[in-house]
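Trainee: I would like to go through this model step by step. May we begin with the lining of a pocket and then turn to the sheet?

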Amino acid sequence: MSNQRKQSTIFLCITISAVSLFSSDVSALGVNWGTMATHQLPPKTVVQMLKDNNVKKVKLFDADTNTMVALDGSGIEVMVAIPNDQLKDMGSYQRAKDWVRRNITRFNDGVKIKYVAVGNEPFLTAYNGSFINLTYPALFNIQNALNEAGVGDFIKATVPLNADVYNSPPENPVPSAGRFRQDIFDEMKLIVNFLAHNKAPFTVNIYPFLSLYLSSDFPFDYAFFNGQNTVNDNGIIYTNVFDANFDTLLASLRALGHGDMTVIVGEVGWPTDGDQNANIPNAERFYTGLLPKLAANRGTPLRPGYIEVYLFGFIDEDAKSIAPGNFERHWGIFKYDGQPKFPADLSGAGQKKILNGAQNVQYLQNQWCMLNPNAITFSNNTNQLGDNVNYACTFSDCTALGYGSSCGNLDEVGNASYAFNMYFQVQNQKAEACDFEGLAIITTRNISREECNFPIQIGDPKSGYSDHNHIYVSNIRLGLVSMLVLLIAL
């Protein structure tokens with residue numbers, strides 16, 4: 001063989017090896033597909049997005065028929081879910097069998113179902129114990145129903161749990177000291193033993209962002225994968241909180257005699273709005289560290305190698321509860337309309353790649369709702385404006401207006417217009433949804449401002465309609481006097 005052919009062969013082998021590495025590892029990466037949105041992309045569109053981005057696994061939060069039908073024949077591995085409000089029903093074995101028949105065996109020929117998520121973080125302290133006594137019976141019945149249906153060998157029930165189910169004591173805050181919370185210890189022991197008996201994985205949700213959000217003393221760089229902060233645990237050095245948190249779980253499992261149990265990371269990600277640390281640069285930094293780590297199968301100090309991970313989330317959800325924080329509606333690597341937010345290489349190769357967004361997305365008409373500059377005068381009751389803004393935000397998503405968020409620097413006029421427009425878009429641009437007791441008007445001029453986007457919602461453009469008696473404004477320029485009047489009145 002000539003030297004040239006040898007070099008070509010070597011180069012080809014290296015190239016194939018590299019492609020094989022990232023191609024095989026992409027299959028290990030999953031995403032969470034949440035649907036708590038006022039305007040959802042069609043399920044078939046989302047499935048095509050998954051395929052276009054070579055995502056091989058998806059974790060759901062229910063077993064919606066439309067979603068399952070869209071996944072039929074896709075070859076994508078699926079984790080379906082039983083919401084927390086159905087856990088009590090699953091305490092009946094007959095109800096569990098009915099659920100498996102309706103949602104698993106019915107689709108098993110065409111949908112590649114691998115896991116059933118029994119509940120979603122049911123032991124969160126915020127739930128005040130509401131689901132503690134309901135989770136294990138539901139898990140027990142669902143897995144046994146899967147076994148009875150003849151699919152239990154390849155479809156396993158698991159319980160996605162928040163990382164708050166374990167911790168290290170304050171006097172020894174290192175991973176090796178990890179133990180399950182005392183208030184749920186008995187339930188966790190039952191669950192872990194049952195999972196081990198059925199060769200099912202333990203599923204945990206790990207959020208470095210929340211470590212930063214919940215503690216002002218948390219070292220900022222430790223939330224990422226390229227910082228300088230370290231923790232020394234008896235000679236084992238941890239350079240990021242993800243690894244430390246994962247190994248704290250392994251120590252907790254080891255204390256129950258199951259240190260070798262398979263662990264799935266059911267959720268991990270970084271939000272892009274709704275908090276001073278929730279922004280696109282930080283999210284890009286986080287994923288730039290996480291994705292190559294997963295592709296290289298580096299694992300953690302106590303569990304080197306492959307870890308199955310589901311990113312949270314795939315698409316923003318503007319109807320999620322914001323009880324944990326305004327950032328809850330902004331976890332997606334894609335915006336509400338299925339368009340990418342920032343470059344991300346899901347293969348882990350470290351390239352700055354633009355993800356493949358949703359195709360053929362329909363939007364409502366190019367019109368916005370804004371504060372009417374002529375509606376506010378010195379004699380107006382300013383409480384009227386405040387009440388209307390509060391109403392608009394109650395029934396739409398105003399989380400971008402918070403401190404440190406993308407629209408957090410708007411003036412009072414901008415805040416009111418943003419709130420009115422969000423409500424207007426949620427209501428499919430119906431003319432009466434841009435009235436607010438005469439305080440608002442519709443404009444065909446894009447009123448977005450620099451870093452603050454005033455979105456147009458997705459949907460059929462014909463679903464919104466125009467009232468010709470309503471006031472329309474195009475290209476309004478507020479004069480100095482009008483601006484002063486508005487600011488004083490507000």
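Mentor: Helix H9 (280-295) and helix H11 (412-426) each contribute at least two residues to the lining of the second largest pocket. Helices (H or I, at least four residues) and strands (E, at least two) are DSSP runs numbered from the N terminus. The model is predicted: local features need pLDDT of at least 70, side-chain atom pairs count only at pLDDT 80 or more, and totals for chains, interfaces and linings use all residues. Residues are numbered from 1 along each chain as its sequence is written, and side-chain values use heavy atoms, without hydrogens and water.

Trainee: Which element supplies the largest share of the lining of the second largest pocket?

Mentor: On a 1 Å grid over the protein atoms alone, a pocket is an open set of points with protein on both sides within 12 Å along at least five of seven lines, and a cavity is a set where a 1.4 Å probe fits but cannot get out; lining residues have an atom within 4 Å of a point. The lining of this pocket has 15 nonpolar, eleven polar and twelve charged residues. Asp273, Ala400, Ser406, Glu451 and Asn453 are the closest of the 38 lining residues to its centre. The largest share, four residues, comes from H11.

Trainee: What is the volume of the second largest cavity?

Mentor: Its lining includes Phe242, Lys293 and Arg298. By class, that lining divides into three nonpolar, three polar and two charged residues. A volume is the space filled by probe spheres set on the points, which are joined across faces, edges and corners. For the second largest cavity, the volume is about 50 Å³.

Trainee: Which strands are the edge strands of the open sheet of nine strands?

Mentor: Two strands pair if DSSP finds at least two bridges between them. The order is S5-S4-S3-S2-S1-S13-S12-S9-S6, with parallel pairing. Each edge strand pairs on one side only, and the two are strand S5 (156-158) and strand S6 (160-162).

Trainee: Which residue in S5 is the bridge partner of Tyr115?

Mentor: Strand S4 (residues 112-118) runs parallel to S5 and is joined to S5 by three bridges. The partner of Tyr115 in S5 is Lys156.

Trainee: At what angle does helix H5 run to S5?

Mentor: Axes are lines fitted to C-alpha atoms, for helices over the stretch in contact (heavy atoms within 4.5 Å). Angles run from 0 to 180 degrees between N-to-C directions. Helix H5 (residues 132-148) lies across strand S3 (77-82), S4 and S5, and its angle to S5 is about 170°.

Notes:
Nonpolar A, V, L, I, M, F, W, Y, C, P; charged D, E, K, R; others polar.
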